[in-house]
Amino acid sequence: MSRRVFLSVDKLRVSKPGFDAATTAVENLIFHEGMLPVAPFESGSATVAAGGSVSISLTRGYVDPPFIVLKSSLNLTPGPGHYYARFTTGGATLVLLNKWTASMVISYFVFRQFAV
Amino acid sequence: MPKRLIIGDRQGQSGIYISHPGSDVDSNDQSLLLDSRYDMLRIHATGTVRMSGYTYSGTKTVGIYWATITFPNLGYTPWVWGSCVFRNAEAHDLPQNSAYYPQPWGISTRSGTRWTDFPASKLTYFGYWLENNTTLRAKLSLDGAGGGFYIDFQYIIFENKR
């Protein structure tokens, strides 16, 4: 069995199954001491009627539109004809739009921004 | 106070596990803050750049925009995500300071159908692609003249291998 966790004075590394955490390349690590994780900042959900929209006021400040992932209770993929979201800076408003023929719950996950 | 950290064996699988505040790391009732059984998205590079643009007048007049991002080589092809933000008040009918999720789309999305439900009906194309392991490119086109608009391309290059 390979080492999955490697801990030293300046390193904390966790590998994928089958890879040695102390020696494997970065693409085989799940966690390492220098990583920038994609951290969820805020999330929520709203019931949106067929053809309707719901406006959400996000609570955190965003200089630019952040990375956002959407999910539907109907298990449809987001995009034209199904559902999508529009983010506007300033008021940090997220509008969820349902273009499908049935009501659905749209969940949104907003991720923290990083300057690298 | 519940136990929140395990480094080693948890339910027969070795790894590192951290629970959310107030939740026991041995419990299966909630997702974990860190669960080494699963991979995580990790950022390699991210940023926002102003897209260059010009008006192309041939058989049809279109505004063409593009951006090129160079990033450090990971030695493999990473995952990427991109979108764009329309900065003008009147970039045709593109809403100002707005971004769309999962991404903007236009007339060419499906069978040439113009999506009347999308406010940016002048947007004919938006896409981004990896030219190689160090170069990300983005392109956008608008119906009609429009080389002078301000459109920003946002990107995240993940450390995760595609």
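In this predicted model, A:V54 is found in strand β5 (residues 53-57) of chain A. Strands here are DSSP runs of E with at least two residues, helices are runs of H or I with at least four residues, and both are numbered from the N terminus. A:V54 is partly exposed, because its relative accessible area is 23%; buried means under 20%, exposed over 50%, and partly exposed in between (1.4 Å probe, protein chains only). Leaving aside neighbours within four places in sequence, A:V54 is in contact with A:A46, A:T47, A:V48, A:L94, A:V95 and A:L96, where contact means heavy atoms within 4.5 Å. A:F31 is 23 residues from A:V54 along the chain, and the C-alpha atoms of the two are separated by 37 Å.

Residues are numbered from 1 along each chain as its sequence is written, while chains are lettered from A and ligands numbered from 1 in the order in which they are written. Local features need pLDDT of at least 70, side-chain atom pairs count only at pLDDT 80 or more, totals for chains, interfaces and linings use all residues, and side-chain values use heavy atoms, with hydrogens and water left out.

The interface comes next. The size of an interface is often given as the accessible area lost when the parts come together. Between chain B and chain A the buried area is about 3,300 Å², and carbon and sulfur atoms give 64% of this area. Buried area is the accessible area (1.4 Å probe) that two parts lose on being put together, summed over both. The contact takes 35 residues from chain A and 41 residues from chain B.

Twelve residue pairs are in polar contact across the interface of chain B and chain A, with both residues at pLDDT 80 or more. On the side of chain B that touches chain A, the elements that give two or more residues are β2, β4 (43-50), β7 (78-86), β8 and β11 (151-161) of chain B. A polar contact is a pair of N or O atoms within 3.5 Å; within protein, one must be able to donate a hydrogen and the other to accept it, and residues adjacent in sequence count only if both atoms are side-chain atoms.

How many salt bridges are there between chain B and chain A? The count is one, a salt bridge being a side-chain nitrogen of Lys or Arg within 4 Å of a carboxyl oxygen of Asp or Glu. The side chains that meet in this way include those of A:K16 and B:D39, at 3.5 Å from N to O. A:K16 and B:D39 also belong to a network of salt bridges that links them with B:R42 and B:E159.

Side chains of opposite charge can pair when their charged atoms come close. Over all chains, the count comes to eleven salt bridges. One of them joins A:R3 to A:D20, with the closest N and O atoms 3.0 Å apart. A:R3 lies in the segment before β1 (5-7) of chain A and A:D20 in the loop between β2 (12-15) and β3 (29-31) of chain A, so the pair ties together parts that are 17 residues apart in sequence. A:R3 is partly exposed at 45% relative accessibility, and A:D20 is partly exposed at 22%.

In chain B, B:D35 forms a salt bridge with B:R37, and their closest N and O atoms are 2.7 Å apart. B:D35 is buried, with a relative accessible area of 11%, whereas B:R37 is partly exposed at 31%. For the salt bridge between B:R137 and B:E131, the closest N and O atoms are 2.4 Å apart. B:R137 is partly exposed at 27%, and B:E131 is partly exposed at 43%.

The backbone has some further points to inspect. Most residues other than glycine have a negative phi, and most peptide bonds are trans. A:N75 has a positive phi, near 60°, and lies in the loop between β6 (68-72) and β7 (83-88) of chain A. A:N75 counts as exposed because its relative accessibility is 65%. Phi of B:Q11 is also positive, near 55°; B:Q11 sits in the loop between β1 and β2 (13-18) of chain B. The peptide bond from B:Y101 to B:P102 is cis, with omega near 10°, and B:P102 is found in the loop between β8 (98-101) and β9 (123-132) of chain B.
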